[in-house]
Amino acid sequence: MSDDQESVIQIDDLESEFTEKVVNAGAEKLNYCFQCGVCSGSCPITRFNESFNPRRIMISTALGLPERVLQGNTIWLCATCYSCQERCPRDVQPADVIKAIRNQAVRTGITNPYFQTISATIVKEGRLFNEEEAEFFNEIRADMGLPPIPSLDLGEVSKIFQHTNVKKLLTTMTEEAESKT
Ligand code: SF4
């Protein structure tokens with residue numbers, strides 16, 4: 001299929017349900033977008049990887065084109081730096097729209113292995129690093145005159161993950177990934 005054919009949108013391709021789900025997941029201002037491109041122009045990721053284009057993500061989501069939004073790894077490239085959020089003249093809050101899309105993607109079983117690993121570490125350790133790494137960071141902190149990293153109540157963290165269903169979700173995703181290998 002040529003690029004021109006790929007860019008043609010067929011009315012049958014539009015899935016308003018997808019837009020609705022993303023809007024309900026926290027992208028309430030999505031439809032304010034008037035496609036100025038300030039978000040893409042401000043994005044440090046787009047500068048290095050043109051496949052990540054927030055403006056295009058906004059329009060594809062507003063139109064209801066999940067295949068275009070979810071294909072590849074693009075939605076996972078956002079570093080949540082909020083440059084777009086600060087500059088959007090319509091207060092669309094593009095970074096939050098992308099977060100809502102990610103949440104919707106995870107609900108439908110689409111995820112990114114890197115995020116899966118990070119989430120699994122947070123579930124296990126209560127934060128992004130283990131005890132050994134904490135010791136290393138504490139040495140650096142001590143050199144800088146900073147107090148050690150506070151200890152964690154893993155029981156409390158575990159309760160949060162249980163109540164928010166994260167543990168269950170991660171187990172399901174890991175099982176699905178293993179069944180595919
Ligand atoms: Fe849409 Fe805001 Fe991006 Fe402009 S900056 S394209 S209004 S999301």
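## Salt bridges and helices in a predicted model

The side chains of E156 and K159 join in a salt bridge, with 3.3 Å from N to O. That pair is a friendly place to start exploring this structure, which is a predicted model. Both E156 and K159 sit in helix 11 (residues 154-163), three residues apart, which is about one turn of the helix. How accessible are the two partners? E156 has a relative accessible area of 41%, so it is partly exposed. K159 is also described as partly exposed, because its relative accessible area is 45%.

Why might such side chains come together? Side chains of opposite charge can pair when their charged atoms come close.

How many salt bridges does the count come to? The total is five.

| Salt bridge | N to O separation |
|---|---|
| E156 and K159 | 3.3 Å |
| K99 and D96 | 3.3 Å |
| E125 and K124 | 3.6 Å |

The pair K99 and D96 belongs to helix 8, where the two residues are three apart, about one turn of the helix. K99 has a relative accessibility of 35%, so it counts as partly exposed. In the bridge between E125 and K124, the 3.6 Å is the distance between the closest N and O atoms. K124 reaches 60% relative accessibility, and the cut-off for exposed is over 50%, so K124 counts as exposed.

### The overall picture

Now let us step back and look at the whole protein. It has twelve helices and zero strands. Reading from the N terminus, the elements run α-α-α-α-α-α-α-α-α-α-α-α. The C-alpha atoms fill a box of roughly 55 × 40 × 30 Å, taken along the principal axes. Of the 181 residues in the protein, 30% are buried.

At what angle do helix 2 and helix 8 cross? The axes of helix 2 (residues 16-24) and helix 8 (residues 94-107) come within 8 Å and cross at roughly 115°. That angle makes helix 2 roughly perpendicular to helix 8. The crossing of these two helices is right-handed.

### Two loop residues

Next come two valines in loops. V8 is in the loop between helix 1 (3-7) and helix 2, while V92 is in the loop between helix 7 (83-87) and helix 8. Is V92 buried or exposed? Its relative accessible area is 4%, under the 20% cut-off, so V92 is buried. V8 has a relative accessibility of 44% and therefore counts as partly exposed.

V92 and K29 are 63 residues apart along the chain, and their C-alpha atoms are separated by 4.9 Å. V8 and P44 are 36 residues apart along the chain, and their C-alpha atoms are separated by 28 Å.

Which residues make the nonpolar surface patch? I9, I11, L14, I59 and L63 form it, and its area is about 400 Å². L63 is located in helix 5 (residues 54-63). With a relative accessible area of 34%, L63 is partly exposed.

Conventions:
Residues numbered from 1 in each chain as written. Predicted model: local features only at pLDDT ≥ 70, side-chain atom pairs only at ≥ 80, totals over all residues. Heavy atoms only, no water. Patch = residues over 30% accessible without salt bridge, like charges linked within 9 Å, V, L, I, M, F, W, Y side chains within 5 Å. Areas by Shrake-Rupley, 256 points an atom, 1.4 Å probe, with all protein chains shown as cover. Salt bridge = Lys/Arg side-chain N within 4 Å of Asp/Glu carboxyl O. Helix = DSSP H or I, 4+ residues; strand = E, 2+ residues; numbered from the N terminus. Buried < 20%, exposed > 50% of the residue type's maximum accessible area, 1.4 Å probe, protein only. Axes fitted to C-alpha atoms, helices over the stretch in contact; angles between N-to-C directions. Parallel < 35°, antiparallel > 145°, perpendicular 65-115°, else oblique. Left-handed = near helix turned anticlockwise from the far one by under 90°.
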